[in-house]
Amino acid sequence: MALAIDKDDNIYVADTLNSCIRKIDQNGRVTTVAGTPGKEGDTDGAVTSAQFRLPSGIAVSDDGSIIYVADTGNHKIRKIENGQVTSIAGFVEESDEDSDPLGGFRDGAAANAMFNLPVGLTIAGDFIIVADSGNNRIRAVNLAGYVITVAGGNSPGDVDEFALESRLHRPMGVYWHENILYIADTYNNKIKIMPFDPTLYE
């Protein structure tokens, strides 16, 4: 459901239904970067044993050394670096009757913050911007370890207004370029923009 490309034109794929992350190199060779194909779970550790649950968003550093993943079914943001998968933001308090994790909403320290079906990702300076679709919000994960909301509110809607006074409906894609954040406001069938200067949020 998502792609990201590094400076060497390697393509990274959020292979959602296989619950793993794949790579297509310049020669067209496909390899599994992390995750256990076909097995859902929530396990950090070595890329060969780590597990994801329906990852649907991906962003990669320019040199390809760090891959960020919106682990949608686990309501978490994960990182792949140096052969290891770690959870950098997101906390699940409870599961449903089928033992599937339930999302929520909470800003603050990354380890305790809560997301609800995060999807699109983009890198903006020292932030990972997240289309937190189930919360109808755009969130920002600072690599120093905290999560803030930068757009949207506690109910779905279609309101163009200053940041937290705006309303979105199931945003699923984000892209940041030259301090402008582009938002795929999916259920409103619109593309929206807002200024986002990461230095103002540090």
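Residues are numbered from 1 along each chain as its sequence is written, and side-chain values use heavy atoms, without hydrogens and water. In this predicted model, local features need pLDDT of at least 70 and side-chain atom pairs count only at pLDDT 80 or more, while totals for chains, interfaces and linings use all residues.

**View 1. An open sheet of five strands.** The strands follow the order S10-S14-S13-S12-S11 with antiparallel pairing. At the edges lie S10 (108-109) and S11 (118-124), each pairing on one side only. S11 and S12 (residues 127-132) are joined by five bridges, and Leu121 has Val130 in S12 as its bridge partner. Strands are DSSP runs (E, at least two residues), numbered from the N terminus, and two of them pair if DSSP finds at least two bridges between them.

**View 2. The largest pocket.** Here you can look into about 350 Å³ of space. Of the 22 lining residues, Ile58, Ala59, Leu121, Thr122 and Tyr175 lie nearest the centre. Strands S1 (2-5), S6 (57-60), S11 and S15 each give two or more residues to the lining. A pocket is an open set of points on a 1 Å grid over the protein atoms alone, where a 1.4 Å probe fits, with protein on both sides within 12 Å along at least five of seven lines; lining residues have an atom within 4 Å of a point.

**View 3. Tyr175 in its strand.** Tyr175 sits in strand S15 (residues 171-177). Tyr175 counts as partly exposed because its relative accessibility is 49%, between the limits for buried (under 20%) and exposed (over 50%), with a 1.4 Å probe and protein chains only.

Conventions: Helix = DSSP H or I, 4+ residues; strand = E, 2+ residues; numbered from the N terminus. Points joined across faces, edges and corners; volume = space filled by probe spheres on them.
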